[in-house]
Amino acid sequence: MLVSRRHFLATAAAGIALPQRLWSASRIESGAMQVETLSDGHLVLPADFVFGGMPETELAPILARHGLASGALEPPCNVTLLRDGSRTILFDVGAGADFMPTAGRLSEALDALDLSPEEVTHVLFTHGHPDHLWGLLDEFDEPLFANARHMMGRAEFDYWMDPDTASTIGEARQSFAAGARRRLEAIANRISLFEDGEAVLPGVTARLTPGHTPGHMAFLIDAADPMMILGDAVTNPHVNFERPDWPSPSDQDAELAAETRVGLLDQLSADGLILVGFHLPEGGIGRVERAAKGYRYLPG
């Protein structure tokens, strides 16, 4: 296995100074397969969105160990790109232009690789939240990855396409429902749906990891060094690892998400799988090991 990190910095064009833009990625080469995480920028979230309801006396030392102060969190957004010579696969498509000003930078990452959206052969979705789905359409509301086969778990697709979702998801997430449905309607006649445990592509198996959303999927990649693309089944490198059993309001079904997380981290640590996390730091590629309490994330 080879892991590397690269950084591209663009500071000027046509002789006119521009704000600095930094794009970075991590890469794994495993046999004939190359997996990279491309930065879509980052989110800005209130701390209560992640930590609300957790026991403060136990939470405080965890946050202190990780150098987290009270206030907003800024988790990175890592879109996964898999290439094996015949396929160019994106796992999720980032936030696009309409979610947060700090996200929606995937196009810059693709440009840095000299990779056009037309070259993407497959798009696989972990789930339908804005930072994973809203980059689906271009500025003309046409599918950005025009030549790709788009694929999503059936339960997840049905959830976001259900008209009742907007009235049951809660006021804070109503825009999530409207935005997901609008985008999925644009590809409804070209999307392929799959089930838990299905080999969605050769070497790529879907794993239902519900709780963050009802039909959230992770993907097991059969490579020389097997890996799992986690999406948002694990969303941070601190509390989710040290206390995976703690429910978080960032998950739609917090109790189910915690149960999923406990089982998932147990498997990842026991099997020694490489993990790829959408919101994990340093490119999101690493491993997990058991600790005295809970687990520990090991980047790189």
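Colleague: Is leucine 220 buried, partly exposed or exposed?

Modeller: Leucine 220 is partly exposed, because its relative accessible area is 30%, and partly exposed residues lie between the 20% limit for buried and the 50% limit for exposed. Please bear in mind that the model is predicted. Leucine 220 belongs to strand S11, which covers residues 217-221. Apart from residues up to four places away in sequence, leucine 220 touches Gly203, Val204 and Thr205, together with Met227, Met228 and Leu273.

Isoleucine 285 lies in strand S14, residues 285-290. Its relative accessibility is 2%, so isoleucine 285 counts as buried, the cut-off being under 20%. With residues up to four places away in sequence left out, the contacts of isoleucine 285 include Ser26, Arg27, Ile28 and Thr37. Isoleucine 285 also touches Ile274, Leu275 and Val276, as well as Tyr297, Pro299 and Gly300.

Threonine 260 is placed in helix H9, which spans residues 254-271. With a relative accessible area of 14%, threonine 260 is buried. Beyond its neighbours within four places in sequence, threonine 260 is in contact with Thr209 and Pro210. The side chain of threonine 260 comes to 2.7 Å from the backbone oxygen of proline 210.

Most residues other than glycine have a negative phi. Aspartate 92, however, has a positive phi near 75°, and aspartate 114 has a positive phi of about 60°. Aspartate 92 is found in the loop between strand S5 (88-91) and helix H3 (106-112), whereas aspartate 114 lies in the loop between H3 and strand S6 (122-124). As to accessibility, aspartate 92 is buried, at 1% relative accessible area, while aspartate 114 counts as exposed, at 69%.

These sites belong to the following overall picture. The protein contains nine helices and 15 strands. Its radius of gyration is 18 Å, close to the 19 Å that the globule rule gives for 300 residues, so the protein is as compact as a globular protein of that length. Along the principal axes, the C-alpha atoms fill a box of roughly 50 × 45 × 40 Å. Buried residues account for 49% of the 300 residues. Of the contacts with a separation of 6 or more, 66% join residues 24 or more positions apart. The protein exposes about 13,000 Å², and 52% of that area is supplied by carbon and sulfur atoms. As for charge, there are 22 positive and 42 negative side chains, and the centres of the two sets lie 5 Å apart.

How values were computed: Residues numbered from 1 in each chain as written. Predicted model: local features only at pLDDT ≥ 70, side-chain atom pairs only at ≥ 80, totals over all residues. Heavy atoms only, no water. Helix = DSSP H or I, 4+ residues; strand = E, 2+ residues; numbered from the N terminus. Rg over C-alpha atoms; globule rule 2.2 N^0.38 Å. Buried < 20%, exposed > 50% of the residue type's maximum accessible area, 1.4 Å probe, protein only. Contact = heavy atoms within 4.5 Å. Areas by Shrake-Rupley, 256 points an atom, 1.4 Å probe, with all protein chains shown as cover. Lys, Arg positive; Asp, Glu negative; His and termini not counted. Charge placed at Lys NZ, Arg CZ, Asp CG, Glu CD. Polar contact = N/O pair within 3.5 Å; in protein donor to acceptor, adjacent residues only side chain to side chain.
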